[in-house]
Amino acid sequence: MSTKNTQTVPLIEVQSVSKYFGSVIALQDISMTVQAGEVMCLLGDNGAGKSTLIKILSGVHRPSDGHYMVEGKEARFSSPRDALSAGIATVFQDLAMIPLMGISRNFFLGSEPTKGWGPFRRFDVQYANRVTREELARMGIQIRDTGQPVGTLSGGERQSVAIARAVYFGAKVLILDEPTAALGVKEAGIVLRYIAQARARGLGVIFITHNPHHAYPIGDHFTLLNRGRSLGTFAKSEISREELTSMMAGGEELETLSHELDEFARTDAVAGAALAEAAREFEVEAEQLEGSHDGQHQAQGGQPD
Ligand SMILES: Nc1ncnc2c1ncn2[C@@H]1O[C@H](COP(=O)(O)OP(=O)(O)O)[C@@H](O)[C@H]1O
Ligand SMILES: [Mg+2]
């Protein structure tokens, strides 16, 4: 076989995956791969199927059809925990952090290091603080006080802690669901930098966004979803920022516009007919009214005041 086939096996590969919810087709015939050390951007407007796809990748849903392979082997996850132990970490928008707890406490949430044993077992604060500080520093984040409540961090910093945590706990694939959606330009830039850090450390990153301006600078590949279908996957060299933007915006806007125009035409036609009918009825009524009014006037006129 050619050398292409002996190239690195993708970390993640979906082949012709579909997902149905009853009669709703959330995804149809989606294929995509993610290699180690690359950022795959998953783009699409609301309802495109982005969340459904990452829920399949992160073990929340099973595909209705098609194949999902992790490092070349068919994945059979029955929960997000299964996916996590296979090295697939998903950072959801709500982040699953506790705002009032310190950064290092949050960093180790669910995997607390302890010291002592039996009734003397307790959270090893020093160890947690040291690791948290080191790991954040490795990603270029300097934290003065690791006991500082997470709630006092900015949105971008919180995302960064979540990313550093996934990297530390050995994730091979990092899935980020709209991490920049609620952020300003500067904050979004910070998160993009951490995504680049994760890539530099060899992770495969799936970055979900509906903003082509966030995706383009960081993405190596772009997969565009539209109403559950793929518009294709493009390498950065194959597509310009303008093309990406117009595929995103253009496709969506043109579709919306044509729907609106159709709707206008339809309602105009219906309204037009109804209006003509109403006008005709009105005319008839007005004539009748006029007739009876005249009669009333005469009757009234005939009565003495
Ligand atoms: N659990 C579900 N049951 C029924 N329909 C669903 C479910 N999850 C998603 N959908 C539908 O699938 C489509 C894609 O949704 P989603 O993956 O959330 O899109 P996105 O994340 O791109 O906005 C939508 O039409 C949505 O209503
Ligand atoms: Mg979504």
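Modeller: Contact here means that the C-beta atoms of two residues, placed from the backbone, lie within 7 Å. The model is a predicted one: local features need pLDDT of at least 70, side-chain atom pairs count only at pLDDT 80 or more, and totals for chains, interfaces and linings use all residues. Residues are numbered from 1 along each chain as its sequence is written, while chains are lettered from A and ligands numbered from 1 in the order in which they are written.

Colleague: Where does Ile-141 lie?

Modeller: Ile-141 is in the loop between H4 and H5. Helices (H or I, at least four residues) and strands (E, at least two) are DSSP runs, numbered from the N terminus.

Colleague: Is Ile-141 buried or exposed, and why?

Modeller: Ile-141 counts as buried because it has 21 C-beta neighbours inside 10 Å. The classes are buried for 20 or more other C-beta atoms within 10 Å of the residue's own, exposed for 12 or fewer, and partly exposed in between, with C-beta atoms placed from the backbone.

Colleague: Which residues of H4 are buried?

Modeller: In H4 these are Ala-128, Asn-129, Thr-132 and Leu-136. Seen down the axis of H4, its buried residues fall within an arc of 100°, so they line one face of the helix; the arc is that of the directions from the helix axis to the C-beta atoms. An α-helix has 3.6 residues a turn, so residues three or four places apart point the same way.

Colleague: What covers that buried side, and what does the other face carry?

Modeller: The cover includes helix H3 (103–107), strand E8 (122–123) and helix H5 (155–168). The face turned away carries the exposed residues Gln-126, Glu-134 and Ala-137. After H4 comes Gly-140, with a positive phi near 85°.

Colleague: Changing topic, what is the strand order in the open sheet of six strands?

Modeller: The order is E6-E9-E10-E3-E11-E12, with mixed pairing; two strands pair if DSSP finds at least two bridges between them. Strand E6 (88–91) and strand E12 (229–235) stand at the edges with a single partner strand each, so one side of each has no neighbour in the sheet.

Colleague: How many bridges join E11 and E12?

Modeller: Strand E11 (residues 221–226) and E12 pair over six bridges in the antiparallel sense. His-221 stands opposite Ala-235 in E12.

Colleague: Which strands does H1 touch?

Modeller: Helix H1 (residues 50–57) packs on the sheet and touches strand E3 (39–43), E6, strand E9 (173–177), strand E10 (204–209) and E11; its direction makes about 150° with that of E9. Axes are lines fitted to C-alpha atoms, for helices over the stretch in contact, and angles run from 0 to 180 degrees between N-to-C directions.

Colleague: And which element gives the most to the shell around ligand 1?

Modeller: H1 does, with three residues. The residues surrounding ligand 1 include Gly-47, Gly-49, Lys-50, Ser-51 and Thr-52, the criterion being a C-beta atom, placed from the backbone, within 6 Å of the molecule. Strand E2 (24–34) and H1 each supply at least two residues of that shell.
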